[in-house]
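I opened the notebook to look at one protein chain.

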Amino acid sequence: MFLLQEHEAADPEFLVHVSEYVSSCSVAGLFSAEEQVNIGNSLRSDLTQAGISFNHEIAFQFFLKNVQENLRVVMTTTTDNCQLWEWSSRYPSMLNCINVMWLPHWDSVQLLHVSKYHLNGIKGLTEKRKKYRLRLCVDTTA
């Protein structure tokens, strides 16, 4: 998972790389030629096991395809100063390739309810430790 927070995406060049990758699986300029060769060499046995003949270009494309199939990009933003709309006009291909989910702010009661649900499945926690962890979950995210 790649977590992209709004304040971390202030650099337009960075967003160009993210947009380019999620829309076309291309990472031009992100890896040097030497890094691409090293990545390819590290995948030599994986290619052989997959029945693919090895060369550096095929190996690097194999790497990119695997990353694209397994990588999930998560963007977080605030609703009061949301730059998502600005990004959508600058990088439309990026937003066409991702799912956007608007999650409202959870108040303390909702956080406590969800935390209780998940902590109840953990065996071996004393009631004192559960209460401490519940309070920690609510205080950390509220």
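**Entry 1: Ser 115**

I started with Ser 115, which lies in helix H7, residues 108-120. I kept in mind that this is a predicted model. Is Ser 115 buried or exposed? I found a relative accessibility of 11% for Ser 115, so it counts as buried, since buried means under 20%. I then looked up its contacts. Leaving out residues up to four places away in sequence, Ser 115 touches Leu 134 and Cys 137.

**Entry 2: the whole chain**

I stepped back to the protein chain and noted eight helices and two strands. From the N terminus on, I read the order of elements as β-α-α-α-α-β-α-α-α-α. The radius of gyration is 21 Å, well over the 14 Å that the globule rule gives for 142 residues, so the chain is more spread out than a compact globule. I also noted that the C-alpha trace spans about 60 × 45 × 20 Å along its principal axes.

I looked up burial next: 22% of the 142 residues count as buried. For contacts with a separation of 6 or more, I found that 50% are between residues 24 or more positions apart.

**Entry 3: helix H1**

I checked the length of helix H1, which has 13 residues, 12-24. At 1.5 Å a residue H1 should span 18 Å, and because its end C-alpha atoms are 18 Å apart, the two values agree. Just after H1, I noted that Cys 25 takes a positive phi of about 60°.

Which residues of H1 are buried? I listed Leu 15, His 17, Val 18, Ser 19, Tyr 21 and Val 22. I then asked what covers the buried residues of H1. The cover includes strands E1 (2-5) and E2 (73-76), along with helices H4 (56-70), H5 (84-90) and H6 (92-96).

**Entry 4: the second largest pocket**

Rolling a probe the size of a water molecule over the atoms shows where empty space is left. I looked up the second largest pocket and found about 250 Å³ of space in it. The elements that give two or more residues to its lining are H1 and H4. H1 gives the most, with five residues.

The lining has 14 residues, and those nearest the pocket centre are His 17, Val 18, Tyr 21, Val 27 and Leu 30. How many residues of the lining are nonpolar, polar and charged? I counted 13 nonpolar, one polar and no charged.

I went back to my H1 list and saw that His 17, Val 18 and Tyr 21 are on it as buried residues.

Methods. Residues are numbered from 1 along each chain as its sequence is written. This is a predicted model: local features need pLDDT of at least 70, side-chain atom pairs count only at pLDDT 80 or more; totals for chains, interfaces and linings use all residues. Side-chain values use heavy atoms; hydrogens and water are left out. Helices (H or I, at least four residues) and strands (E, at least two) are DSSP runs, numbered from the N terminus. The expected span of a helix is 1.5 Å times one less than its number of residues. Buried means under 20% relative accessible area, exposed over 50%, partly exposed in between (1.4 Å probe, protein chains only). Contact means heavy atoms within 4.5 Å. On a 1 Å grid over the protein atoms alone, a cavity is a set of points where a 1.4 Å probe fits but cannot get out, and a pocket is an open set with protein on both sides within 12 Å along at least five of seven lines; lining residues have an atom within 4 Å of a point. Grid points are joined across faces, edges and corners, and a volume is the space filled by probe spheres set on the points. Ala, Val, Leu, Ile, Met, Phe, Trp, Tyr, Cys and Pro count as nonpolar, Asp, Glu, Lys and Arg as charged, and the others, Gly among them, as polar. The radius of gyration is taken over C-alpha atoms; the globule rule is 2.2 Å times the number of residues to the power 0.38.
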